[in-house]
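Student: Can we go through this structure together? I'd like to start with the ligand and then move on to the rest.

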Amino acid sequence: MTMKGRRFRRRLRTMLSVCVATCLGALDAGAQVEQQARLVEQGQKVYDLHCVGCHGEKGDGQGPAARLLIVKPRDFTKGVFKFRTTPSGSLPTDEDLYRTITRGVFRTSMPEHALLPEKQRLAVIQYIKTFSDRWQTERSGQPIPIPAPSEDLGSPESIARGKAVYELLECWTCHGRAGRGDGPSAATLQPDEWGNPQKPFNFTKGWLKSGPTPRDVYRTFMTGLNGTAMPSYQAIFESPDGENIREGDAWHLISFVLSLREKQNP
Ligand code: HEC
Ligand code: HEC
């Protein structure tokens, strides 16, 4: 073969391999779209079986059971979620939704679904996302890291420091000085994002909605609860000024808040 012929064949081969790569890429993307569509379809079946009675056919929280419930089922059409690891205002991650669906929301009718096969839990997450356009235009937020709890968590010193932080950050305006959810602002809170009445948590009684462990409480006040008056304290604790707020104060606050539980209420 001539020199020219050889060069031609080499070029042809490169062209072909580039083409094969792009075609495979396109196929790959096609397969992903198809897989997503299949997940959504499976998710709808799970939803119609386990969720529709409360969250409603349109995902607007208006299922037939809703009017009987005091804490109303979430309206998914707004794309606003309370329980996240992500910063205030942002969308939750799939893991966040998975955690909520698996554990349920304590003190409300939202049931746990730990026995629902994992595949079905993953599929229904994708289906829930079809109710709000937010999922088309935005990505989930970046999770806020949760460091290991400090060693003196729960010690008398830690509780005392936590009480001071609770005063300083004015948690009491909503949650009350003794943590009973009866602070001066409690009665004046506007309805939440979904138009339902909201109440600051009473730390002395009952289960925390998004989990009972120190890590769960840390997550709550770092992220805030979107759609409610419960604010995010991420900015304050992420870079403590060293004067009013010191390193480790977040865990002291947790020591205090958890110390308020009345012993007879496990
Ligand atoms: C018996 C009623 C009921 C059923 C059944 C139910 N939920 Fe809920 N769900 C609720 C209530 C009530 C809330 C609101 C809790 C709150 O605002 O504190 C909720 C909240 C949620 C949230 C929002 C959490 C957040 O971060 O804001 C998700 C997600 C959710 N449910 C998913 C599901 C899925 C998926 C199913 C079915 C597998 C389901 N729910 C079945 C009552 C129900
Ligand atoms: C402006 C009012 C307001 C302030 C200030 C406030 N909270 Fe809240 N907080 C709420 C409301 C309302 C809820 C209940 C939301 C719900 O159940 O949907 C809540 C819930 C909570 C919960 C319970 C979450 C759960 O899992 O059930 C914790 C923990 C909490 N707040 C901690 C704090 C701490 C710590 C501070 C101060 C650093 C604070 N809050 C300041 C309004 C407030």
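**Around the ligand and beyond**

Tutor: Before anything else, this is a predicted model. By class, the shell around ligand 1 is made of 15 nonpolar, seven polar and three charged residues.

Student: Which residues come nearest to ligand 1?

Tutor: Cys51, Cys54, Phe81, Phe83 and Met110 come nearest, out of 25 residues around ligand 1. The elements that give two or more residues to that shell are helix H2 (52–55), helix H3 (94–103) and helix H4 (118–128).

Student: OK, new topic. How many residues does the largest nonpolar core have?

Tutor: The largest nonpolar core has 18 residues. Those with the most contacts inside this core are Tyr166, Ala250, Leu253, Ile254, Phe256 and Val257.

Student: And which helices supply at least two residues of this core?

Tutor: Helix H6 (156–168), helix H8 (214–223) and helix H10 (249–259) each do. The largest share, six residues, comes from H10.

Student: What does leucine 253 touch, leaving aside its neighbours within four places in sequence?

Tutor: Leucine 253 is in contact with Gly162, Val165 and Tyr166. There is also another core, lying apart from the largest one, with 13 residues, among them Cys51, Leu97, Ile101 and Ala123.

Student: Back to H6 and H10. At what angle do their axes cross?

Tutor: The axes of H6 and H10 cross at roughly 95 degrees and come within 7 Å. An angle from 65 to 115 degrees counts as roughly perpendicular, so H6 is roughly perpendicular to H10.

Student: Which residues make the contact?

Tutor: From H6 the contact uses Ser158, Ile159, Arg161, Gly162, Lys163, Val165 and Tyr166. From H10 it uses Asp249, Trp251, His252, Leu253, Ile254, Ser255, Phe256, Val257 and Ser259. By class, the contact of H6 with H10 has eight nonpolar, five polar and three charged residues.

Student: Serine 259 is on that list. How far is serine 259 from isoleucine 159 in space?

Tutor: Their C-alpha atoms are 7.2 Å apart, although serine 259 and isoleucine 159 are 100 residues apart in sequence. Serine 259 is in helix H10 and counts as partly exposed because it has 16 C-beta neighbours inside 10 Å.

Student: What about arginine 103, where does it lie?

Tutor: Arginine 103 lies in helix H3. With 18 C-beta neighbours inside 10 Å, arginine 103 counts as partly exposed.

Student: Last topic, the backbone. What phi does arginine 107 have?

Tutor: Arginine 107 has a positive phi of about 70 degrees, although it is not a glycine. Most residues other than glycine have a negative phi. Arginine 107 is found in the loop between H3 and H4, and with 14 C-beta neighbours inside 10 Å it counts as partly exposed.

Student: And glutamate 170, what phi does it have?

Tutor: Glutamate 170 has a positive phi of about 60 degrees, and it is not a glycine either. Glutamate 170 sits in the loop between H6 and helix H7 (172–175).

Student: Is glutamate 170 buried or exposed?

Tutor: Glutamate 170 is exposed, because 11 other C-beta atoms lie within 10 Å, and 12 or fewer counts as exposed.

Key: Residues numbered from 1 in each chain as written. Chains lettered and ligands numbered in written order. Predicted model: local features only at pLDDT ≥ 70, side-chain atom pairs only at ≥ 80, totals over all residues. Near = placed C-beta within 6 Å. Helix = DSSP H or I, 4+ residues; strand = E, 2+ residues; numbered from the N terminus. Nonpolar A, V, L, I, M, F, W, Y, C, P; charged D, E, K, R; others polar. Core = buried A, V, L, I, M, F, W, Y, C linked by C-beta atoms within 7 Å. Buried ≥ 20, exposed ≤ 12 C-beta atoms within 10 Å, placed from the backbone. Contact = placed C-beta atoms within 7 Å. Axes fitted to C-alpha atoms, helices over the stretch in contact; angles between N-to-C directions. Parallel < 35°, antiparallel > 145°, perpendicular 65-115°, else oblique.
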